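Work through the exercises below with the model open. Each task is followed by a solution in steps.

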Amino acid sequence: MNVVITEFEAKLENTRVILKNIAQEFSPAVFASSLAAEDMVLTDLILREKLNIGIFSLETGRLHTETLGMLDKVKATYGTEIVLYKPEASAVEAYVAQHGLNAFYDSVDRRKECCRIRKVEPLNRALAGNKAWVTGQRRAQAATRTELAVQEDDVAHGMQKFNPLADWSEEDVWHYIRSNNVPYNPLHDKGYPSIGCEPCTRAIQPGEDVRAGRWWWENPESKECGLHVVDGKLVRINKQAEKIGNQ
């Protein structure tokens, strides 16, 4: 009897293959989770399969209460605690003293400096000593991510970077979550498809881009926090590595 495999099932199996390959061929590897929907899909896949991929999150000091609540949900569901990396207190204090608590609204440069202190520097510490890192980025998320590859050569960190959900749609993400009873951030039910720090994230209106609520006062082309940027440009190289999931 012929078994018909749906497009989603093929994507899911390909993602499983990618994650297993990362765990086997690129150890030690870590997954940077924002605790949003895409990252909960990857969290579920990694922990269900007991893959040797560590999971961490960046606790910026400005996250929503609902986002922080996901840490307890993950522990209750999977029996695993997500490792937290926080910004250097002295750097935060110096920024606030010089510019003010919410200076990121003043200019793109000040917003990126805040992101550097609260996210990029802690990320560098989290990635140190690893051979690869995993993200929940998808091509459909934003204009800045349309060229997203499954595997990238992250020269800045000296390692490989994987985006296993690169070709997943918003519908794919939610189909997986609901089919597998994956816990998710309740802000998603309140109009937040993309969730970052509380003062930099708002709910979106029907028809808006899924990342329209991130840094909503800026142009779409500037809407990256620096985690995926090198010298002001997104790193999008080594696309031939897409074949990893088809081996």
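Two strands pair if DSSP finds at least two bridges between them. Helices (H or I, at least four residues) and strands (E, at least two) are DSSP runs, numbered from the N terminus.

This is a predicted model, in which local features need pLDDT of at least 70 and side-chain atom pairs count only at pLDDT 80 or more, while totals for chains, interfaces and linings use all residues. Residues are numbered from 1 along each chain as its sequence is written, and side-chain values use heavy atoms, with hydrogens and water left out.

**Exercise 1.** Give the order of the strands in the open sheet, and name its edge strands.

Solution. The order is E3-E2-E1-E4-E6-E5, six strands with mixed pairing. At the edges are strand E3 (83–85) and E5, each of which pairs on one side only.

**Exercise 2.** Which strands does helix H5 (residues 108–127) touch?

Solution. H5 packs on the sheet and touches E1, E2, E3, E4 and E6; contact means heavy atoms within 4.5 Å. The direction of H5 makes about 160° with that of E2. Axes are lines fitted to C-alpha atoms, for helices over the stretch in contact, and angles run from 0 to 180 degrees between N-to-C directions. Helix H1 (residues 7–25) lies across E1, E2, E4 and E6, and runs at about 100° to E2.

**Exercise 3.** Describe the hairpin of E5 and E6.

Solution. Strand E5 (residues 151–154) and strand E6 (residues 159–162) run antiparallel and are joined by four bridges. Gln151 stands opposite Phe162 in E6. Four residues lie between the strands, and Gly158 takes a positive phi near 65°.

**Exercise 4.** How do helix H2 (residues 37–48) and helix H6 (residues 170–179) cross?

Solution. Their axes come within 9 Å and cross at roughly 45°. H2 and H6 are therefore oblique to each other: angles under 35 degrees count as roughly parallel, over 145 as roughly antiparallel, 65 to 115 as roughly perpendicular and the rest as oblique. Residues of H2 in the contact include Val41 and Leu45, and those of H6 include Val173 and Trp174.
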